[in-house]
Amino acid sequence: MHYLMGVRIDESELPYSDEEMEASFARVGAVNDEMKAAGVWVFGGGLRPSDSATVVRVENGRTAMTDGPFAETKEQLGGFYVIEVDDLDAALAWSEKVAEACRVPIEVRPFDGIA
Amino acid sequence: MVELRSAASPDPMDLTEVYRAEYGRCVATLTRLLGDIGLAEEAVQDAFAVAMEKWDSSADGPPRNPGAWIVTTARHRALDRLRRESTREARHTQALLLQTPDETEEVGPVRDDQLRLIFTCCHPALSPLAQTALTLRLLGGLEVPEIARAYVVPEATISQRIVRAKKKIRDAGIPYRVPGAAELPDRLAPVLTVLYLVFNEGYTATSGELVRTDLCREAVRLARALAELMPDEPEVLGLLALLLLTEARRPARVGPSGELVVLAEQDRTLWDRDLIAEGHALVRRCLRRGQPGPYQLQAAVNAVHTDGPATDWTQVLALYDQLLAHTPTPIVALNRAVAVAEVHGPEAALAAVEALDIPGYHLLPATRADLLARLGRTADAVAAYDEAIALATNDTERGFLTTRRAALVP
């Protein structure tokens, strides 16, 4: 099964110091390598802060764009992974490792099929 | 859902009992065969509907092994149903079913199925209420209204939780297996909690009558199954011992007119000696392992209560000291205070009780009331009883508190 692991970050705590960033990169990099070595890695990446987002809507044939994310909440999607594992227990075990490395909560969601 | 108390049935109790006893293990086995809890339930319910007609009209009555009969019939019904559907998923499930031979009396795999199902129902990705409701529904075979009554929540809430939990199990890929050794400590805890809560709800029902024997029996049955399956887990044995030793005293706990009888006033000849012997043996087995945990310690307390003609309160207090160090909750502290009263007197116990705050918990003012009465502070005791009576939701307990209060006011 494919699972999304969404990294929830509190943007009000940004930016991190250089040392924090480096340490975090090292921890996350190690988990990423572990996922690749275990053959569960499909895709993963960090996102620019939510103020770089644009929301696109098409209503009645007209396109409207708004600056910024869907919702201006404190917690935003900071990045995500897509992994392929047997079941939720395996996905939860990887999420635990990612949550430890990123030091933020991870939301795990199963895909309803993939294209 | 199958209506078991059909008017046409000459002996509806038989089938109801078979249903209670066999529903859980049949659903567990069918879940393994079909790979889906919802399909398994439908198939088992279909089979019970067939049983209701067949067993009634047959001169022989129910078959010798009703569970195996239900499993076989459910498998055939599931196959029929799947043959009518032509989806890829249905064909896949059908193939799985055809590869599996008829099972009649294979005890081992059936037990494993139940264990798998307990761990699936009590998966930490499900909410605590969903865990309990699902366990009672799938393994206990209790109907939604019964579960709703037991937990004093609307039926719609329970059925919604069950539906959502089953959907999450399927959609999120919650596995149908016993967790590996590394995960087991984390995963066993919610299973033990659910069984403990089910028993407790049965032992002192939130509303109505004091005891709901069906819930108690179900919790004991599941705990026994768990202990048979995991004989090396001391807390599993501890939980089973705790439930057995508590269950053993149940016949003495309610008097002839339905009133509550406290431990000190219970007729010990009414206690179930076999259950006590079994519980004591389990506690001794736990002691030898030397890895005490909260359930083992509570079981040990109950072993002391049921050992000899009277309780050795010094031992009980020592056990509660250990339990409090392990689980420092106000409820444990309150129970410890009861032992303090017996060993060091009501004054010392009252000081401990007055330091506690457990909002909405009737046994806190009830214990305070008893201690105040023993200290001769009648007016304060009456006020504390009033507080406890207002908080108690169970009729029998409320009746007990009212009688105690009345005895103070001449």
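Two strands count as paired if DSSP finds at least two bridges between them. With that in hand, here is what turns up in this predicted model.

Let's start with the sheet in chain A. In general, strands in a sheet pair through backbone hydrogen bonds, in either a parallel or an antiparallel way. Zooming in on one pair, β2(A) runs antiparallel to strand β5 (residues 75-84) of chain A, and five bridges link them. Within this pairing, A:Gly44 sits opposite A:Tyr81 in β5(A).

Next come two loop residues with a positive phi. A:Asn60 lies in the loop that joins β3 (54-59) and β4 (62-67) of chain A. Its phi is near 50°, a positive value in a residue that isn't glycine. A:Asn60 counts as exposed because it has 4 other C-beta atoms within 10 Å, and the cut-off for exposed is 12 or fewer. A:Arg103, in turn, belongs to the loop between α2 (88-102) and β6 (106-110) of chain A. A:Arg103 isn't a glycine either, yet its phi is positive, at about 60°. With 12 other C-beta atoms within 10 Å, A:Arg103 is exposed too.

Finally, there is the contact between the chains. Chain A brings five residues to it and chain B brings six. On the side of chain A that touches chain B, three residues are nonpolar, two are charged and none is polar.

Conventions:
Residues are numbered from 1 along each chain as its sequence is written. Chains are lettered from A and ligands numbered from 1 in the order in which they are written. This is a predicted model: local features need pLDDT of at least 70, side-chain atom pairs count only at pLDDT 80 or more; totals for chains, interfaces and linings use all residues. Helices (H or I, at least four residues) and strands (E, at least two) are DSSP runs, numbered from the N terminus. A residue is buried if 20 or more other C-beta atoms lie within 10 Å of its own, exposed if 12 or fewer, and partly exposed in between; C-beta atoms are placed from the backbone. Two residues are in contact if their C-beta atoms, placed from the backbone, lie within 7 Å. Ala, Val, Leu, Ile, Met, Phe, Trp, Tyr, Cys and Pro count as nonpolar, Asp, Glu, Lys and Arg as charged, and the others, Gly among them, as polar.
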